[in-house]
Amino acid sequence: MSALGKVVRSGVGRRRVQTLVIGLATMMAVAASVLGGSLLVVSGAPFDDAFARQHGAHLSMQFDAGKVSAGQLSKSKDAEGVSSAAGPFRTATVTPRSDGAGPGWPMTVVGRGDPGRDVDEVALLDGRWPARSGEIVLSADSSLIPTMGMQIAFPDLSSGPTLTVVGVARSVTQTADAWVVPSQMPALTAPGSGGYQMLYRFTDAGTTAQITAGGRAVTKSLPPGTAVGEQSWLTVKKTAERDTAVYVPFLIAFGALGLVMSVLIVGNVVASAVGTGTRRIGILKAVGFTPAQVVRAYVGQALIPAAVGTALGVLAGHLLAVPVLAETGEVYGTSSLAVAPWVDLAVIAGVLGLVAVTAWASAWRAGRLRTVDALAVGRTAAARRGRWAARLAGRLPLPQPVALGLARPFARPARALAMGTAILFGAVAVTFTVGMSASLGQVMKARAHDAADAVVPAPLPDFGPQGPGSGPEKQPKADPAAVAAAIEAAAGTGKYYSAATVRATVSGLTGTVNVIAFTGDASWGGYTMVSGRWIDRPGEAVVPTPFLAATGTRIGDTVTLNGLAEPVTVRIVGEVLDPRNDGMQVFTDATTLTAAHPDLTETSHHIAVTSGTDVTGYVDALNKDLAPLGVTARAGGLDAGGDMVVTLNALSAILTLMLVAVAALGVLNGVLLDTRERVREIGVHKALGMTPRQTIAMVLTSVVVTGLVAGTLGVPLGTALHGWVIPAMGDSVGLRLPGSVIAVYHAAELLPLALGGLLIATLGALPPAGWAARTRTATALRTE
Amino acid sequence: MITPVIELREVSRRYDDGPPALHEASLTVRPGEAVAVLGPSGSGKSTLLNLIAGLDRPDTGTVTVDGVRVDRLGEAGSALYRRSKIGMVFQFFNLLDDLTVAENVVLPARLAGMARGEADRRAAELLELLGIDRHARAYPGRLSGGERQRVAVARALMNRPALLLADEPTGALDTAAGQDVSELLTGLNAEGQTIVVVTHDLALARSCTNRTVRIADGRITEDVRSQAVGSQVTASEAVR
């Protein structure tokens, strides 16, 4: 081994703890960067990623099986602009009833022999594809909760098949609610109903016009009037992005925090390591090393643990990313997200490059030092700094070890600043995460309107003549008045309201909007007002922000709802937070629609039980009364959006833990360097009678001021970051967020958050403090 | 019968796989004695001092100082023992450069929890006694070697120790400063302070101690009592 190699090896081996810290910090930084970078990539185009992987259909079309044959449809694959196509597949709209799941909503079943490959490759999330009649794969997005082995019956069909769920899958373009083998389809198709599905990919499909042109080209070769419905991938993409767009700023903020933190900690660790090796570098020069050799030796000493840490970090990042991306994939509606190789390469190159550059810059300075000056480093430096602080602390009525510790940061201000910055970032991350979690909870609460203790879900809303709920298989509607009477009579009912959904058009807007009509006071149901007030009389309405933006209206204006039996004009009295249905909703009182839509039978009922009532017992008792009416109550609100919140909260917790760990490592490194430099001084203290407990107190106290200051600064900065990101999240989906979503920090929470900086500092300083306390006094006194 | 200040019984200490640094050494030091421990480098002098100071523990044997079984003490116990029974003077002073002279001197008392006013008064007395009170607010870096060692001695005496241990106290000093420190130790001993000095310096041993212990290869090879050389000079006289 060359002299240079020996120096590098001995340097790495001699400073084992610092080597370990460099390796660990690098590992943490790389793991956070791999995860953060991957999330940034994923958050950038989650739908596009899934669409590309699963070869999603640009256009899925429904055809009337009575008007067109499978052979004619097969020929449509050759239409101009079609690059590939799948189908025809038989389709049927059926209303299932699963064991133990109560009445189901209508669903579209498609007969496919396999998950497909070139067009709309259905991703199997669990189980397997159906192999024979009697088996079914449910979409993960199905209204039925997909459970393997679950039996599904179709009581409305004369043949009455019962299917067993053998798999759970997802189509990126949402082409079906469930899939069966083609031979199963006749048993699922009522006489005179059913249809075909064709899935097309086009050469050009980037715009609505191109999709429309593609659809025209396909139908041109078919008999007129055979197409009964179509769905563009752009529509699905818009829907998918609406769900995820809220969370993109969150992922970007965390990814950026992780990367900045990584840069900070690696730079700090390596610069500190090189800085404390300056005297050694002087010795190397004294024995004949050239400045270039010195620089290379020290860059090598920094790069070896950094390289090991990087390798372990990539591994850890992948291990961490697998479940996180799987969860995120679920959120994004795809099942095949993975760490992009270029993220690995970029992180490896970036971190190692950063380590090398930082080490080179510091070693270059030391290399240029005159040997005699380099040798003097560590013997004469820093002694003059911070004396005023030592004197001041000495006058305070504090135990001597505490006073000595308090003055320490002022003797090494640059190091204290570096540690403080690491703690600051950790405190910002914790504050940001706590606020983000609270805000997400508020958004989900507002989205779910889940304040009710129990709910009786509504049947599927009226989709119109072509909707999946039409036809002879449609389920009989329960009488809302009878349901309300049963609720009213039930013991334990506190208050309740009913909500019916109808569709209407609004002048100047294309498409329809949901009109939710309430019977009873729904203001307690979890509707979060952004501005204005809740409805309190017929003719009034509250609407989400996107509705106001789309219609160019403001609170106080009126809008007319068309498409009902007669036009209905309502006055907007409030702006409500509700991102569902693109925010195109109108909430009003049921009596407003009495004349325009008297048949409000598709109604959900929301109940708050009286204080002290057991909700489970209440629901069980109520269900006995509701059974004859064909509806079922269940505990909890309508939709808590639980999986997404759990995933995002888990993600934020993991990232925060990593950031805090890296911050604590930064403190560990700084205090370790400090105690190593002061080992002789600590030895003197111990020789004079300083006990191990006092030694620990002195070392821990040395980071108290830094931790408190960084924590105190971190809280307002974290709060400010939160106050910037949260509204950006709202803006990304056209929502104005109310104060309840943004102002989530309470005074009682801010103090513990500020003390979080102290906690990070203490955690980081504890190992070196223990080391200092354990160091043998005689050894310390001999140390130079 | 006078209780000895130091009582070592068949003390041995070996580091790693090397030869014993100290082998079955026994030594008794009575109150008021000034003992010089002489020997070449690596003979075991510093090991003996470290064992007496509670900085190290013997593999076998017992170490008792002023009634305290030092070999049985843990880290915290050793610290409390040093704080109350021992004053230490080092070859390279081991003063803290970022504390003033007065702050250095007062440090052991403050660690022991002595009230600030009382500690300051005691430090002022010692600084005056040792003739360095004019440097009280100065930093050690501005003092000469002899003055720094006086500060170290003042610090060692702060808690009125039963035993003053000095490890090559003149080793880093020029001849004049070494003579100065020698006279200081002689004066302290004359006032009853028990002293153990580890040194290469035969002249120092002759001038300020009344007993010489020689160590070679970890064994005590000679233990000779001489005339009380310091009886003619008091500490107060030494500083004049």
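This note sets out numbered points on a predicted model with chains A and B.

1. Basis of the model. Residues are numbered from 1 along each chain as its sequence is written, chains are lettered from A and ligands are numbered from 1 in the order in which they are written. Because this is a predicted model, local features need pLDDT of at least 70 and side-chain atom pairs count only at pLDDT 80 or more, while totals for chains, interfaces and linings use all residues.

2. Chain A overall. Chain A has 24 helices and 21 strands; helices (H or I, at least four residues) and strands (E, at least two) are DSSP runs, numbered from the N terminus. Of its 784 residues, 49% are buried. A residue is buried if 20 or more other C-beta atoms lie within 10 Å of its own, exposed if 12 or fewer, and partly exposed in between, with C-beta atoms placed from the backbone. Among the contacts in chain A with a separation of 6 or more, 84% are between residues 24 or more positions apart. Two residues are in contact if their C-beta atoms, placed from the backbone, lie within 7 Å.

3. Chain B overall. Chain B comes to 8 helices and 10 strands, and 53% of its 240 residues count as buried. For contacts in chain B with a separation of 6 or more, residues 24 or more positions apart account for 69%.

4. Contact between the chains. Chain A contributes 21 residues to the contact and chain B contributes 22 residues. On the chain A side, α13 (387-395), α14 (400-411), α20 (679-687), α21 (692-732) and α24 (777-782) each supply at least two residues. The largest share of that side, 4 residues, comes from α20(A). By class, the side of chain A that touches chain B has 10 nonpolar, 7 polar and 4 charged residues. Here Ala, Val, Leu, Ile, Met, Phe, Trp, Tyr, Cys and Pro count as nonpolar, Asp, Glu, Lys and Arg as charged, and the others, Gly among them, as polar.

5. Helices α13(A) and α14(A). The axes of α13(A) and α14(A) come within 8 Å and cross at roughly 155°, which makes α13(A) roughly antiparallel to α14(A). Axes are lines fitted to C-alpha atoms, for helices over the stretch in contact, and angles run from 0 to 180 degrees between N-to-C directions. Angles under 35 degrees count as roughly parallel, over 145 as roughly antiparallel, 65 to 115 as roughly perpendicular and the rest as oblique. The crossing of α13(A) and α14(A) is right-handed; a crossing is right-handed if the near helix is turned clockwise from the far one by less than a right angle, and left-handed if anticlockwise. A:Ala389, A:Ala390, A:Ala393 and A:Gly394 in α13(A) meet A:Ala403, A:Leu406, A:Ala407 and A:Phe410 in α14(A). This contact has 7 nonpolar, 1 polar and no charged residues.

6. Helices α16(A) and α18(A). Helix α16 (residues 480-489) and helix α18 (residues 615-626) of chain A pack at an angle of about 140°, with their axes 10 Å apart; α16(A) is therefore oblique to α18(A). The crossing is right-handed. A:Val483, A:Ala486 and A:Ile487 in α16(A) meet A:Leu622, A:Asp625 and A:Leu626 in α18(A), a contact with 5 nonpolar, no polar and 1 charged residues.

7. Strand β1(A). In strand β1 (residues 59-64) of chain A, 5 of the 6 residues are buried, so the strand is largely enclosed by the rest of the structure. β1(A) pairs with strand β10 (residues 195-202) of chain A in the antiparallel sense over 6 bridges, and A:Gln62 stands opposite A:Gln197. Two strands pair if DSSP finds at least two bridges between them.

8. Sheets of chain B. An open, antiparallel sheet of 4 strands has the order β2-β1-β4-β5. β2 (20-29) and β5 (68-69) of chain B stand at its edges, each with a single partner strand, so one side of each is left without a neighbour in the sheet. A second open sheet has 6 strands in the order β6-β7-β8-β3-β9-β10, with mixed pairing. Within the latter, strand β3 (residues 34-38) and strand β8 (residues 194-199) of chain B run parallel, joined by 5 bridges, and B:Ala36 has B:Val197 as its bridge partner.

9. Helix α1(B). Helix α1 (residues 45-53) of chain B is mostly covered, with 9 of its 9 residues buried. Just after α1(B), B:Gly54 takes a positive phi of about 75°.
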